[in-house]
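Have a look at it first.

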Amino acid sequence: MATPAEARVDLTAIRHNVALLRERASGAELMTAVKADAYGHGLVPASEAMLEAGAGRLGTAFVQEALDLRAAGVTAPILAWLITPGEPIGEAIGADVEVSASDERLLGEIAAAARATGVTARVHLEADTGMSRGGAPLAAWPGLLRKALELQAEGAVEVVGIWSHFACADIPGHPAVESQTDAFETALKLAEQAGVAGSHVIRHLANSAAVMTLPRTHFDMVRAGIAVYGLSPVPELGDFGLRQAMTLVARLAMVKRVAEGSGVSYGHLYVTGRETTLGLVPLGYADGILRHATDRAEVLAGGRRRRVAGRVCMDQFMIDVGDDPLRAGDEVVLFGPGDRGEPTAQEWADTLGTITHEIVTRIGARVPRVYEGQRT
């Protein structure tokens, strides 16, 4: 380890998680979400590991993420689902990237890009079944279907998917799950009646939580995100046999003895209760370590748990190691799978009142990703 810190990504764990998700998918195809640099794990290496393990498709939020995969030589089907006006849709279509449309305006923009490119755009239509985020509300759904059929007859687009997204699948028993599933089935029925159907049109609704707990929602394909990286989509139900892929480590930059009553870091929120040794960990909020971790989150150093001592700074934070003989260069584990007694990402999320998605995706570009379990 030649850098102050690194995020170690276990590709074997990712492959394990993909295999487990495929088993839970009830025969449905598996799309893995690799948006946000594969949830902070590294877009290309993580995607390649998922495909090696049997993921059939990849999903990105933005067009550029899909184009980055194509530039890296990834040939698997890719869906980009969050498109704003003026994005390089034509380039995506030309690179055989499938795109999503939620309204007639965007569908028209996609068709215009397809005409200019000379390639038929492969489109997934998104229905808003109750999340009130992306997707066409059911009142606008028939109009979107009519527009899609017009453009399909012209040859500008081909509808290859119909999808929606859950708001509350990670909350067992939430009534919105059933109502959204019913609404999605209504959207599918309307599509079939309109003539937008067939074996080539992939129906997909389930996210990671639904893959694990709601077999009724699996349809033709499931989309797994957080679970692929080994983090439970429904923590209260356990880890489902998933294996956390990321371990975040740093090397102590320095250690020093300080007197009893020494104030530590900005604002002196932590004051030493006796003469002690402090260790400086070279990671801070610029690297994604939430400032909220101040005096709350724990790390593993010298074989023992230590709490963050004082305010998390932009580039560093302190830990109180007492009289233990730690030295500059010794390793500190912020979180990992827990095998050595270190905190997990779930523990950090619980301590800081957030979700594991935020813990791993916030780890910044200054922290290199180091890959374990790569296949040559």
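Let's begin with the lining of the largest cavity: by class, it has 6 nonpolar, 1 polar and no charged residues. Ala, Val, Leu, Ile, Met, Phe, Trp, Tyr, Cys and Pro count as nonpolar, Asp, Glu, Lys and Arg as charged, and the others, Gly among them, as polar. The residues in question are Gly 288, Ile 289, Leu 290, Phe 335, Trp 348, Ile 359 and Ile 363.

Before I go on, two bits of housekeeping. This is a predicted model, where local features need pLDDT of at least 70 and side-chain atom pairs count only at pLDDT 80 or more, while totals for chains, interfaces and linings use all residues. Residues are numbered from 1 along each chain as its sequence is written, and side-chain values use heavy atoms, with hydrogens and water left out.

So what is a cavity here? On a 1 Å grid over the protein atoms alone, it's a set of points where a 1.4 Å probe fits but cannot get out; a pocket is an open set with protein on both sides within 12 Å along at least five of seven lines, and lining residues have an atom within 4 Å of a point. Points are joined across faces, edges and corners, and a volume is the space filled by probe spheres set on them. The structure has 1 cavity of 30 Å³ or more, and the largest cavity holds about 30 Å³ of space.

Helices (H or I, at least four residues) and strands (E, at least two) are DSSP runs, numbered from the N terminus.

What does UniProt say? Its unreviewed entry puts "active site" at Lys 35 and Tyr 266. Their C-alpha atoms are 35.1 Å apart, so they do not gather at one spot. Lys 35 is the one from this set in the largest pocket's lining, and its place is in helix α2. A caution: UniProt positions use the numbering here, feature names are shortened, and annotations may be inferred rather than shown by experiment.

Last stop, the sheet. It's open, with 6 strands in the order β17-β16-β19-β11-β1-β20 and mixed pairing. Strands pair if DSSP finds at least two bridges between them. Each of β17 (304-307) and β20 (369-372) has a single partner strand, so one side of each is left without a neighbour in the sheet. Strand β16 (residues 298-301) runs antiparallel to β17, joined by 4 bridges, and Glu 298 stands opposite Arg 307 in β17.

That's my tour, thanks!
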